Amino acid sequence: VILLQLLLILIAFVMVVVHAIVTNNVEDIEIDRVSNTERPLVHGAIDRQTYAQVGNVMLVVGLLTGYITGFYNFFFLFCFASFYFVYSCSPFRIKRIPLLSKMFLGCISLSMFIWGFMFFSNDGILSLSRFPWEMLIFFIPIGGLIGNYIDLKDVDGDRKGGIFTLPVLIGLSRTKLVVSLGGVLAFALLYFIMGVSILVFLMPVGLLIFLFLLNRKPY
């Protein structure tokens, strides 16, 4: 039963994520004309209205699939869709706010982590009494640093569209260092939370991986 639940949750989550990507691409079409010209919406491979409708259908089917597996699953799927809409879409469009926007994405990741914790604890909301609240630091401020990597490839389009992301404000090189620092801090915090000694040795490895990947387009 748990395996079937997990399969349906995965399908539902993919559908909700597709909706989030669709809404983001519809909102960012003018930015993508500069930074992501290969996207199908930009070069007219699909009609904009049809594209948006497909996203909406995916959202509805995804939420219904999640509801079949249980209310908590539906609730967290709904939270993901709502939070990402607030992040990407007008009139909220929190992605326009430097640093805070990526901390907001960290909150979305945190909600997914809480969802998984509750699912595998198998005693509903009571499991939150055992939740490692240090993970707030991991996902929000540290995740807020790492999350700036998603803006590296869009710097030209964001600058033209008036979206003041960190790369627009401080440049690509400094943003890469910020993201790399976040990667090292993530390993360090997990070591202090979990006490797994191998994480100490992975810190310099994490830094090297981040520096290597963040200097290879498309990042």
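Student: Where is Leu 99 found?
Tutor: Leu 99 is in the loop between helix 4 and helix 5. Helices here are DSSP runs of H or I with at least four residues, strands are E runs with at least two, and both are numbered from the N terminus. This is a predicted model, where local features need pLDDT of at least 70 and side-chain atom pairs need 80 or more, while totals for chains, interfaces and linings use all residues. Residues are numbered from 1 along each chain as its sequence is written, and side-chain values use heavy atoms, without hydrogens or water.

Student: What about the phi of Leu 99?
Tutor: Leu 99 has a positive phi of about 65°, and it is not a glycine.

Student: How accessible is Leu 99?
Tutor: Its relative accessible area is 35%, so Leu 99 is partly exposed. The cut-offs are under 20% for buried and over 50% for exposed, with partly exposed in between, using a 1.4 Å probe and protein chains only.

Student: Where is Ser 88?
Tutor: In helix 4, which covers residues 71–88. Ser 88 has 0% relative accessibility, so it counts as buried.

Student: What is Ser 88 in contact with?
Tutor: Asn 24, Glu 27, Arg 93 and Lys 95, leaving aside neighbours within four places in sequence. Contact means heavy atoms within 4.5 Å.

Student: Which side chain makes a polar contact with Ser 88?
Tutor: That of Asn 24, at 3.2 Å. A polar contact is a pair of N or O atoms within 3.5 Å; within protein, one must be able to donate a hydrogen and the other to accept it, and residues adjacent in sequence count only if both atoms are side-chain atoms.

Student: Switching to Thr 23. Which helix?
Tutor: Helix 1, residues 2–27. Thr 23 is at 13% relative accessibility, so it counts as buried.

Student: Which residues of helix 6 are buried?
Tutor: In helix 6 (135–146), they are Met 135, Phe 138, Phe 139, Ile 142, Gly 144 and Ile 146. These buried residues pack against helix 5, helix 9 (172–194) and helix 10 (198–213).

Student: Zooming out. How many helices and strands?
Tutor: The protein chain has 10 helices and 0 strands.

Student: How many of the residues are buried?
Tutor: Buried residues make up 41% of the 219.

Student: And what share of the contacts comes from residues 24 or more positions apart?
Tutor: 63% of the contacts with a separation of 6 or more.
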